[in-house]
Every structure is written in C-alpha cells, then in structure tokens.
Amino acid sequence: MDSFGVVRMTLDLTTLGEVEIRINDVEQPYRRDERRALLLALLAENDKPFLRETVAALLWPYADQTLARTNLRGLLFRMRQNGFDPFLTLERETIQLNPAAPIVCDLTELRRIIAGSPDATAGVRALNLHSGPFLAGLS
C-alpha cells in the first residue's frame with residue numbers, strides 16, 4: 001500500500017528454472033496458455049516496444065498473419081481480464097511491459113548483476129537466481 005492507501009500491484013516473473021508468474025505473490029496459472037508466459041518473458045527482455053506483428057509471428061509461427069494477430073488480441077484480452085492490465089502498455093501497433101510498473105524478472109536481475117561491477121557477493125546473487133534452464137517446463 002502506498003502513502004495514499006492504494007494497493008500497488010507487483011508482477012514477478014521467474015524464467016530461470018520452472019516458470020512462475022505472480023501478481024502480488026499470488027501465482028497466476030498459465031498451463032492452459034503457455035504463450036502468456038512466453039509473451040511476458042519476451043517483453044521482459046526488452047525495454048522498447050515490440051511490433052504486434054512481430055510478437056504474433058513469434059507466438060504463432062505456423063499461422064497466417066491475420067490469424068496470428070487475432071490470436072494475440074485474444075491473448076492480450078484474457079491477460080487484461082486476469083489482472084495484467086497495469087503491467088502492459090498496449091498501442092495499436094506495439095506492445096511492451098509498462099516501464100512504470102513494478103516488475104521483477106529473474107533474468108533481468110541476472111543480467112543487471114553480470115553487467116555491474118563485480119564484488120564478493122555478485123557471484124552468489126547470480127547463482128541464487130539461476131535455478132535451471134531458461135523457461136524450463138514450457139513446451
């Protein structure tokens with residue numbers, strides 16, 4: 001809760017090892033729609049907007065462009081219904097994670113540690129974050 005009594009939502013993405021998606025420490029199921037996890041992982045790794053066309057082609061590589069874009073719209077609609085709205089910045093042609101939203105991603109943190117100046121605890125922090133292969137468990 002912030003100083004105005006408003007509950008601030010936080011999105012936590014675990015992408016190293018078994019994938020976990022949590023909003024305010026509540027696990028968000030994705031097994032019926034693994035593309036949700038893939039989309040979040042993709043967006044978390046880029047601080048710039050993605051063209052919707054590109055994201056649709058990545059998530060539905062065997063569909064024609066019209067069907068892929070329709071599928072992406074449906075995925076985004078379901079995500080917004082399930083509490084992801086504050087974390088997404090959706091424009092007509094682009095999509096990205098909201099840069100102002102509190103989002104924690106283990107891979108982003110690992111990259112920050114690696115890019116920073118090495119100290120005695122950097123290696124330990126990096127090892128603690130890495131709990132398995134990237135996006136383990138997704139098919």
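This is a predicted model: local features need pLDDT of at least 70, side-chain atom pairs count only at pLDDT 80 or more; totals for chains, interfaces and linings use all residues.
User: Why is Asp-106 counted as buried?

Analyst: Asp-106 has a relative accessibility of 8%, and buried means under 20%, so Asp-106 counts as buried. The residue belongs to helix α4, which spans residues 106–115.

User: What makes the pairing of the Asp-106 side chain with that of Thr-15 a polar contact?

Analyst: The distance given for the two side chains is 2.8 Å, and the cut-off for a pair of N or O atoms is within 3.5 Å.

User: Why are α2 and α3 called roughly perpendicular?

Analyst: Helix α2 (residues 52–59) and helix α3 (residues 65–84) pack at an angle of about 95 degrees, and angles of 65 to 115 degrees count as roughly perpendicular, so the term applies to this pair. Their axes are 8 Å apart, and the residues in contact include Val-55, Ala-56 and Leu-59 of α2 together with Ala-68, Leu-72 and Leu-76 of α3. By class, this contact has seven nonpolar, one polar and four charged residues.

User: What makes β3 and β7 edge strands?

Analyst: In the open sheet of four strands, the order is β3-β2-β1-β7, with mixed pairing, and β3 (26–27) and β7 (103–105) each pair on one side only.

Definitions and conventions. Residues are numbered from 1 along each chain as its sequence is written. Side-chain values use heavy atoms; hydrogens and water are left out. Helices (H or I, at least four residues) and strands (E, at least two) are DSSP runs, numbered from the N terminus. Buried means under 20% relative accessible area, exposed over 50%, partly exposed in between (1.4 Å probe, protein chains only). A polar contact is a pair of N or O atoms within 3.5 Å; within protein, one must be able to donate a hydrogen and the other to accept it, and residues adjacent in sequence count only if both atoms are side-chain atoms. Two strands pair if DSSP finds at least two bridges between them. Axes are lines fitted to C-alpha atoms, for helices over the stretch in contact, and angles run from 0 to 180 degrees between N-to-C directions. Angles under 35 degrees count as roughly parallel, over 145 as roughly antiparallel, 65 to 115 as roughly perpendicular and the rest as oblique. Contact means heavy atoms within 4.5 Å. Ala, Val, Leu, Ile, Met, Phe, Trp, Tyr, Cys and Pro count as nonpolar, Asp, Glu, Lys and Arg as charged, and the others, Gly among them, as polar.
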